[in-house]
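Colleague: I'd like to learn how to read the side chains in a model like this one. Could you walk me through it?

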Amino acid sequence: MLEREGEIRALSEALNETLQGGGGLLLIEGPVGIGKSHLLAEARSLAGEKGFDVMCARSNELEQDFSFGIVRQLFKRCLATENPAWWQGPAAQAREVLLTAPTQVISTGDFAVLHGLFWLTANCSHNRPLMLIIDDLQWCDVASLRYLAYLLPRIEGLGVLVAVSLRTGEKVVDPQLLQHIIADPTVTVVRPGPLSRTATQELLGQILPSQADPAFSVACHRVSGGNPLLLRELARTLISEGLSPVASHAEKVAAVVPRAVARLMTVRMASIPQSTVDLVEAVAVLGDGAAPAIAAALAGQDITTALRGVATLEHQEILHSSGELGELTFVHPLMQTVIYDGIKPSKRAIEHYHAAILLASTGADLERIAAHLLRTPPAGKEQTVNLLQKAAAQAVRRGSAASAHSYLRRALAEPPQKDQLKEVLNEVARLTFDTDYEAAAGYLELALELSTDPFDRADLSYMYAKTLHFLGRVEESVRVVDKALEDLPEEEDDHRRRLMASLAALSYISKGMAGQNAIAEQLHSLPPTESLGALMANAFLAGSEVASGNSDGTLRAKSLLANNRLISGNPAFNQANFELLWALSTSNPEEGLSAIDFAISEARKRGSVTSLALFYLLRANLGWMNTGDLTEAENDARESLLLLETTNLETPRADANATLALSLIEQGKLDQAGIVLSRSGMPDPPPTVGLWFLLLEARSHFLYARREYVAALEAAQAAGENATGLGFTNPAVSSWRSQVSRCLYAIGRREEARVYAEEEVKLAQRFGATHSLGRALRIAGLVSQSDRSLPLLQEAESLLRGSAARLEHAKALSNLGAALRRSNRRQAARPLLHEALDLATRCEAAPLVAVARSELAAAGGRPRSTAVAGPRALTPSERRVAELAATGSTNREIAQALYVAPKTVEVHLSAVYRKLGIASRTQLHSALLD
C-alpha cells in the first residue's frame, strides 16, 4: 500500500458519504498488477471498522456465461443464514437465483428477478450499511451486470456502496452494458498510479535480502513502470537468479523482466512435485471456489495427496482455502491466468469435459457444468446437448436469457441429432425473439427448414416475419407469411388468423408496404370467434384502424380490453397487447391509463424487462403527456430508458427519448431536453420501419422553443413524411400538421399555415379524441384570420373543459384569454387567464405559467399566489404514496407496493407534506379529505 494515501482517502470518503445516506459505485480502475485488489482489501477493512456489513465476490474469466455468478457469490450467506428479514417482500422473488437447482417450473420474468435482487440488497442494508465488493468486474457475467445496472440508479438512501475493480484493456462480455454501469452519476473513480522511484526503493528493500543501490532501484523502476506486482515478481526473480542489487548490475535488470513475467508462477512452482502441479492445474480449470475433493478427482488423486498439495500451494502463496469446505481460490487472478494459459489447449479442452462430467455426477449446478462444456470442442455427444439444454432451461427460470442463449448456441454447435436439432432451434429462437433480431432470424430460418408440421411452421413463420421486418427485410417477411398461409390446411382457422394479423401489423408500420387495405378487408370479412388467432387479428385491426384515424379501432380495443383482459400464452403475443393499449390510449388517455396500469402490474409479476419498459413508455407518451401530468411522463420515460439500457433494442429507446424530451420541453427544461435529443441518434434518412416521427416531432418542438423556426419546420415536415409514409394519418397519433402550421405562421407564411391547421381539424373531427381535436382547434384559432380566431379558440376551450387533458386546456384558456385581451375585452379575459395560470402551475408547465402570468398582468389582473397546494395539487404518484402512508404503511412497504426505491417515497412524501401544508403522517388522512 505504498503511496496510496490519496486512494485510501477516497475510499474513506465514499464510505462516509454512504453512512450519511449517499451510496453509489466506487470504481478502482487500472492495469494488471497496479494494486486494485489490495485497495479493495483496504476498502473492506475500512468498511468493517465503520460498521458496514461486507459481501464479496470475484469474477472469473472462465465463468462469464454463468448466470448471476457474481450475484450468487455476493449473497450466498443469505441462503446459509436464512435471516427472515432479508427475504421480506419482493426479495423472495430472488431466492431462485441463488439456489443451486431452482425449484420453480414456471420461468421467472427477468424484471421480477432484478426487482427481487434490488429488495434483497435493500433488506440486507436495512439495519446496517452494506458494502458489495466485486473484484475484476471486467469478467462479470451479463446477468450480474444487469443487476448492477438496475441497482445503481435506485441506490440513493439505501446505505449501500458497491466497490469494484476493473482491469483495463480486457475483453468483456457486454461492453455497452459495462460502460453504462461505470458511467453512472453515482460513480467515484479511483485510478491508482505507478509507484515513484522512492516507493520502488522502499518496496525492493522489503523483499530483497540486502539494500538496493539507488542506481539499481532506478533501473527496476524504469523497466517495471512502477507496477507493484511486476516489481515484486522482478525482485523474487532477482533473488532466485542470485543477482545482487548493486549499481554494476543495473543494466542487467532489463534482461530479467521477461523471465519475471513468464516465471510469475513457474519460479514458485519449480520445486513442487508433479502431483501438486496437476492439482493446481485442476483448480485453474475448475475456477475459484473449487472443492478440494472435486479438484483431487480431476487431478486423478486421492484426497490425502491433494490436501498435502494444497498446503504446499498455500505456503507458496499461490492458493488459499476458505469456508467450511475449504474451497480453493487463487491468491491473485493473474496466477490462475498464467497457469491456465500454460496448459496445452488440447489438454484444457479434455479437462473441461472431464470437469463437466465429474460435476454432473455430483449433482452440481447445471450452469457450472455448462460453463465447462462451453470450453470444449464440438464432438456430437448427446449428453453434452442434454446438459446444455437443461442449463439453458435453468438460466431462463432464473431470468437470464443471455446465459441461456450461450448454452443453446453451444448445443447447436455440438451438433444435436436431427430429431433434437429442431427442438434446440425452437428453444433458442423463442429465447432471442424480441431481444436480438439478428440472432433470432438465423435460428428461425434453420428451424423453418427442418419443420414439416404446418402448425409449427405457422408459429415459427410469425416470429421469423417479425424479426425480418424489424431488420428492414420487409419483402422477405411478407413472403415468409404468404408461404406459411399456403402450407396451412384449408380448414385451419386459428393459425391463419394469427398469420394474417401479423401481415396487418407489418403493413402499417412499414413505409410504402403494399396490400394493407386488402389484408384488413380479409380480416374484417372473417366470422367472429373467440380463438387466440381472432383476438390477435382484432388487436392488430384496432391498431391499424386507429393509426388511420378510424374510431372503430377504439371500440374494438375497448371490447377486447374489457375487465382488463390481456392476451397471454406466448411472448409473441406481447405485441398484440401493446396494440390494444396503444389504440385505447390514443383515443382516451384516462381509460388508457387504467388499462396500462393493469398491464404494468402484470408485467412486474412475471414479465420481461422489455415488455415493462414498453408499457412505461406507452403510459408516458399517450397517458401522462395527454393528461398534462408532465413530471409523471418524465419519470415513466426515464424508467423506461433505465430498463431499455439493459437490452439491445434501439427503436423503443428512440421513442422513450422523444417522450422524455417532450416532457422536459413542456416543463421549460430546454437544456436537459437538448441533451436527451443529442443522444437519441436519429438515422438520416429515417428507416422504412419504425415510428421515427415521434423523435422528429420532439426535435421540432425543441427547435421551436428555441425560436429556430425554419429548422423546426424542416423537422416537422420530416415527421409528417415518415408518419404518412407508414399510413399514420390520425392527428391523435402524430400532430405534425399542427406543428408545421405553427412554424409556417412564425416565419410569415400564414396562408400555408391555415391550410395545414384546417386539415388537422378535419382529421381530428373524424377520429373524435377530445385532446386531439381541442389541440387542432386551438392551433387553427391561433393561425386564422381575426374573424375566425376567437370562435375557434372558444370552441377549443369549451371542448376541453372538463376533459382529462389539463395541459391542453390550460393552453386553450391562455390563448383564448390573450385573444380576448387583444380585442380589448379585458374583463372577460381575466378569469380565463387566472384559470390557465392555475392549471399550468398544477401541470408544472413553466413556460406556459410565464405566458399566462404575463397575459394576466397585461389584462389588468393581479396573479394570485401560484404556490401549488391542496389535494388537487398532488401528482398521481404523490397521491398513491400519500394514501398508502395514511393507512399506516411504512416507507419501505410503500416502496415495495409501488415498485419504486425507498428514496423515491421520501421525495414524494416531502412534496405531499409541502403541498398539503402538514408536518407528519398523522395529519395525512384528514388533509387528503379537504
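This is a predicted model: local features need pLDDT of at least 70, side-chain atom pairs count only at pLDDT 80 or more; totals for chains, interfaces and linings use all residues.

Colleague: Is F693 buried or exposed, then?

Modeller: F693 has a relative accessible area of 1%, so it is buried. F728 comes out as buried too, because its relative accessibility is 1%. W582, at 10%, also counts as buried.

Colleague: How many aromatic pairs does a search of the whole structure find?

Modeller: The search finds nine. One of them joins W582 and F728: the ring centres are 6.0 Å apart and the planes meet at 75°, so we call the pair edge-to-face. The label follows from the angle, because planes over 60 degrees apart count as edge-to-face.

Colleague: Where do those two residues sit in the chain?

Modeller: W582 belongs to helix α29 (residues 574-587), while F728 is in the loop between α36 (709-725) and α37 (736-746). They are 146 residues apart, and the pair links distant parts of the chain.

Colleague: And how are the rings of F693 and F728 arranged?

Modeller: Their centres lie 5.4 Å apart with the planes at 50°, so that pair is tilted. F693 is in helix α35 (residues 693-705) and F728 is in the loop between α36 and α37, so the pair ties together parts 35 residues apart in sequence.

Colleague: Which residues do ring pairs link into a cluster?

Modeller: That cluster is made of F111, F118, W119, Y150 and Y899.

Colleague: What about charges over rings?

Modeller: Here you look for a charged side-chain end above the face of a ring. R95 lies over the face of W87, 4.3 Å from the ring centre. In another case, the charged end of R750 is over the ring of Y745, at 4.4 Å from its centre.

Colleague: What should I look for in the backbone?

Modeller: Y899, from the ring cluster, has a positive phi near 60° and is not a glycine. Y899 sits in the loop between α45 (891-898) and α46 (902-916). E844 also has a positive phi, about 60°, without being a glycine. You'll find E844 in the loop between α42 (826-843) and α43 (846-858), and its relative accessible area of 35% makes it partly exposed.

Colleague: Which peptide bond is cis?

Modeller: Look at the one from E414 to P415, where omega is near -10°. P415 is in the loop between α20 (401-413) and α21 (418-432).

How values were computed. Residues are numbered from 1 along each chain as its sequence is written. Side-chain values use heavy atoms; hydrogens and water are left out. Rings of Phe, Tyr and Trp (its six-membered ring) pair if their centres lie within 6.5 Å; planes under 30 degrees apart count as stacked, over 60 as edge-to-face and the rest as tilted. Helices (H or I, at least four residues) and strands (E, at least two) are DSSP runs, numbered from the N terminus. Buried means under 20% relative accessible area, exposed over 50%, partly exposed in between (1.4 Å probe, protein chains only). A charge sits over a ring if NZ of Lys or CZ of Arg is within 6 Å of the ring centre and within 35 degrees of the ring normal.
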